Amino acid sequence: MATQSGNRRITLADVAARAGVDKSTVSLVLNRKALAARLLPETRRKITDAACELGYRPSITAREFKSGKSGILAMVLGDIENVYFASMAAAFIKHAEAAGCQALISVTGYDPKREIEALRMFYDRNVDGVLYTLHSIEADPALLDTLLATRFPVVLHGSRNPGTFSRLSVDCEEALEEAVGSIARRHRRVGVFVYPGEWPRNYRSFEAACRRHGAIPVPCPIAAIESKPLEEEMVAITREANAPRAWFVSGTAPAMRLASRLYRAKVAIPEEFEMVTFWDTDWCSVHIPALSTIAFDMDLAMAKTVAHLRNFATEGPQHLRLTGRFIPRETTR
C-alpha cells in the first residue's frame, strides 16, 4: 500500500476530501482524540476507510512539532538476560504502551562508553524521557550539564549520582529489620556482597539493622560484573572456611546462580546456609530452592516511572519511593 500520490505524501486534507468531511474531523479520528467518540460510527468508518484506500500514514515529524513530544520513552540497562532487568523492561514497555508511547530499550553490556552513547542518542532523538539503571551518568560532564540545563526527563535507578535528577528507590528499612532480625537469631555474622564504593553508603539500613539485632555485618567486595565470573567469585567467597553462613545478595540473577551452585554441591539450604536477595521476581518463587527476598512492586514502580516521565514538564525532578517487604521462602528458616 503506497503512502504517496505520485511523489506527494497523502495528507489529512486528501483523506477529508475522499471521505467528504472536514479536515478537523479527520484529525480527531486518525489522531485518536477523545472527541472522536462523539462522531457517528458511520462517519468514523468513512474516514478510516478513506485513509486505508489512500494509504495515509501519519507524519511523525509533524506530530512531534505540534505536540512537543516524540511519543517515545526509553530505558538504558546493562543486561536484558538478567531476570530482574528483564522483568523491569517488560513492565516499562507495558506501561509505556498503555500510555500511548513507544518504548525503546538499549542494552549496553555494562560498557560505560556504550551507556553514555545510548543516553546521548536518546537525548539527540528528543525522546520524552529515559529510565537510566546504570552508574555511569557522570562519566561525560558535558552531557550531564546539558541534561540538567535543558531539564531533560531522566529517572535514575541504581545510580550513585545524588544530584538533581529524578530517582526511583525502595525504602527497605522495615523489610530489612524483619529479615535481619530473623537471621540474627541464628547467625552472629551476616555477609553481604558489595561493589567498590558501595559500602557503607548503599547499605546503611542493612548495617543499622544488623547492629540493632546484635549481628556483625561482613561486607565482602566483589569485582566481576558478567554473570558467570560473578557466580564463580561469590561461590569462592562463601566456601571459605571463615565465611559467614548467612548472606544478603544484591540482584536476583546472582542469587539464583549462587543458590543453584550450592544446592548442586549438596550444601543444606537453609540448615547450613541462609540467603536473602534484593530483589524479587516471579522466578524467585519457582526457583529450587525458592529464594527469600526483599521485594517491591515492580509493576507499580514502572507505572510511577512512566507517568512521571510523561508529566516531567509540570512535576520537575521527583524522588519516586516504594516500600520494600520481606518474603521468607526456602533459603531462610
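Angles under 35 degrees count as roughly parallel, over 145 as roughly antiparallel, 65 to 115 as roughly perpendicular and the rest as oblique. Axes are lines fitted to C-alpha atoms, for helices over the stretch in contact, and their angles run from 0 to 180 degrees between N-to-C directions. Helices (H or I, at least four residues) and strands (E, at least two) are DSSP runs, numbered from the N terminus.

The model is predicted: local features need pLDDT of at least 70, side-chain atom pairs count only at pLDDT 80 or more, and totals for chains, interfaces and linings use all residues. Residues are numbered from 1 along each chain as its sequence is written, and side-chain values use heavy atoms, with hydrogens and water left out.

**Exercise 1. Classify the orientation of H1 and H2, and list the residues in contact.**

Step 1. The axes of H1 and helix H2 (residues 23-30) come within 8 Å and cross at roughly 105°.
Step 2. H1 and H2 are therefore roughly perpendicular to each other.
Step 3. Contact means heavy atoms within 4.5 Å. On the H1 side, Leu12, Ala13, Val15 and Ala16 meet Lys23, Val26, Ser27 and Leu30 of H2.

**Exercise 2. Describe the crossing of H1 and H3.**

Step 1. Helix H1 covers residues 12-19 and helix H3 residues 41-54; their axes come within 9 Å and cross at roughly 120°.
Step 2. H1 and H3 are therefore oblique to each other.
Step 3. A crossing is left-handed if the near helix is turned anticlockwise from the far one by less than a right angle, and right-handed if clockwise. The crossing of H1 and H3 is right-handed.
Step 4. Asp14, Val15, Arg18 and Ala19 of H1 meet residues of H3, among them Lys46, Ile47 and Leu54.

**Exercise 3. State the hand of the crossing of H6 and H7.**

Step 1. The axes of helix H6 (residues 112-124) and helix H7 (residues 141-149) come within 11 Å and cross at roughly 35°.
Step 2. The crossing is left-handed.
Step 3. Ile116, Leu119, Arg120 and Tyr123 of H6 make the contact with Leu143, Thr146 and Leu147 of H7.

**Exercise 4. Classify the ring pair of Tyr84 and Phe296.**

Step 1. Rings of Phe, Tyr and Trp (its six-membered ring) pair if their centres lie within 6.5 Å; planes under 30 degrees apart count as stacked, over 60 as edge-to-face and the rest as tilted. The count by this rule is ten aromatic pairs.
Step 2. The ring centres of Tyr84 and Phe296 are 6.5 Å apart and the planes stand at 70°, so the pair is edge-to-face.
Step 3. Tyr84 belongs to helix H5 (residues 83-98) and Phe296 to the loop between strand S12 (292-295) and helix H13 (298-310), so the pair ties together parts that are 212 residues apart in sequence.
Step 4. Buried means under 20% relative accessible area, exposed over 50%, partly exposed in between (1.4 Å probe, protein chains only). Both Tyr84 and Phe296 are buried.
Step 5. Tyr84 and Phe296 belong to a cluster linked by ring pairs, with other members including Trp199 and Phe248.
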